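Subject: Structure handover

Hello,

Here is the structure I promised to pass on. Please open it first, then read my notes below.

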Amino acid sequence: MRRASLAIGIGFGFFLAAGRLTDYDVIHDMLLLREPDLFLFFGAAIATALPLLWLLERSGRPSVFGGALRVTRERVQRKHVAGALVFGTGWAIAGACPGTALAMPMTGNVLGVLVIAGIFTGQWMREAVADRTVRLRALAAQS
Amino acid sequence: MPWFIAGPAIGLLVVLLYALVNRRLGVSGAYRQVRFLVLGQPITETWRVWFFGGLIAGSLLAAILRGGPVFTLGYGNLAAVLPLALLAPTLLTAGVLIGFGSRWAEGCTSGHGLTGVASRSRGSLVSAMTFWLTALAVTLSLHALTGGVL
């Protein structure tokens with residue numbers, strides 16, 4: 001399981017960097033609707049994964065190392081919209097998402113380290129806020 | 001590498017991760033586990049740490065094959081617009097937004113946008129549409145506000 005995860009991680013990082021998704025200008029030009037390449041990239045990735053995943057699930061075959069296949073599906077919740085509003089804003093400003101940010105310094109883009117540091121901090125902040133909300137609700141329920 | 005090679009390859013990796021280890025491919029969740037590792041807290045999903053390490057190694061491999069990495073303090077057009085003293089806090093803040101939002105939504109471009117959409121997960125589809133539209137709106141607004149400089 002570890003080796004498989006490592007190998008897939010290597011592949012993922014390789015194609016992100018080889019596809020130049022680690023380049024601010026590439027992401028920015030896509031979001032300015034100047035370049036269709038990245039939309040095609042995403043479209044091609046989904047067009048490949050969607051039917052194969054459907055077939056894999058239909059086959060009823062268990063995964064090689066992780067037991068019976070269980071594809072994660074979520075009903076629509078508030079977090080999907082609220083989180084994506086915040087995330088999308090950061091993505092637009094830095095021209096990076098968690099995956100491409102991680103690959104950035106490896107391609108020589110040193111300032112990507114700041115985005116990575118921000119992501120770690122932001123995640124920790126969100127969990128602190130969520131924990132606090134849970135505690136306050138528990139207190140409110142007691143009183 | 002053109003999109004018609006890199007895109008399907010990434011799509012195949014999503015399927016492969018399910019076929020091999022039965023997990024939703026996503027990067028933001030991996031940051032969380034690496035934070036646990038660094039802070040000495042118990043790791044709840046070990047595979048994510050390996051995936052995180054692999055991602056770094058794979059991108060380095062791509063850079064080496066291109067004859068790099070070529071180290072720079074630049075950041076594309078953003079570095080041309082902002083001096084380093086402004087660029088650095090901007091990138092850090094944007095990173096905080098990326099981290100805060102991806103943790104809140106419990107997924108990012110890979111977990112929701114790629115894997116979730118390919119799995120026909122409704123929550124992921126809504127999340128992906130929201131961050132795509134947000135990113136487009138923010139980018140086009142910045143473009144308009146800066147008079148086309150950004």
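Start with the charges. The rule finds five salt bridges across the interface of chain B and chain A. One pair to look at is A:E127 and B:R32, which form a salt bridge. Their closest N and O atoms are 3.1 Å apart. Bear in mind that this is a predicted model.

Polar contacts come next. Between chain B and chain A, the count is 30 residue pairs in polar contact, with both residues at pLDDT 80 or more.

Which helices of chain B supply the side that touches chain A? The list is α1 (3-21), α2 (28-39), α3 (46-65), α4 (76-81), α5 (84-105), α6 (109-118) and α7, each with at least two residues. α5(B) gives the most, with 18 residues. By class, this side of chain B has 62 nonpolar, 31 polar and nine charged residues.

Now the extent of the interface. In total, 102 residues of chain B are in contact with 104 residues of chain A. The two chains bury about 9,700 Å² between them. Carbon and sulfur atoms account for 76% of that area. Which three residues supply more of the area that chain B buries against chain A than any other three? They are B:Y31, B:Y75 and B:W104, and they supply 8% of it.

Helix α4 (residues 78-94) of chain A packs against helix α7 (residues 122-145) of chain B. The angle is about 35°, and the axes are 7 Å apart. The crossing of α4(A) with α7(B) is right-handed.

Here is who meets whom in that pair:

- From α4(A): A:H80, A:V81, A:A84, A:L85, A:F87, A:G88, A:T89, A:W91, A:A92 and A:I93.
- From α7(B): B:G123, B:S124, B:V126, B:S127, B:T130, B:F131, B:W132, B:T134, B:A135, B:V138 and B:T139.

How do the residues of this contact divide by class? There are 12 nonpolar and nine polar residues, and no charged ones.

Last, chain B as a whole. Chain B has seven helices and zero strands. Read along the sequence, the pattern is α-α-α-α-α-α-α. The C-alpha trace of chain B spans about 50 × 40 × 35 Å along its principal axes.

Over to you.

Best wishes

Methods: Residues are numbered from 1 along each chain as its sequence is written. Chains are lettered from A and ligands numbered from 1 in the order in which they are written. This is a predicted model: local features need pLDDT of at least 70, side-chain atom pairs count only at pLDDT 80 or more; totals for chains, interfaces and linings use all residues. Side-chain values use heavy atoms; hydrogens and water are left out. Axes are lines fitted to C-alpha atoms, for helices over the stretch in contact, and angles run from 0 to 180 degrees between N-to-C directions. Helices (H or I, at least four residues) and strands (E, at least two) are DSSP runs, numbered from the N terminus. A crossing is left-handed if the near helix is turned anticlockwise from the far one by less than a right angle, and right-handed if clockwise. Contact means heavy atoms within 4.5 Å. Ala, Val, Leu, Ile, Met, Phe, Trp, Tyr, Cys and Pro count as nonpolar, Asp, Glu, Lys and Arg as charged, and the others, Gly among them, as polar. Buried area is the accessible area (1.4 Å probe) that two parts lose on being put together, summed over both. A salt bridge is a side-chain nitrogen of Lys or Arg within 4 Å of a carboxyl oxygen of Asp or Glu. A polar contact is a pair of N or O atoms within 3.5 Å; within protein, one must be able to donate a hydrogen and the other to accept it, and residues adjacent in sequence count only if both atoms are side-chain atoms.
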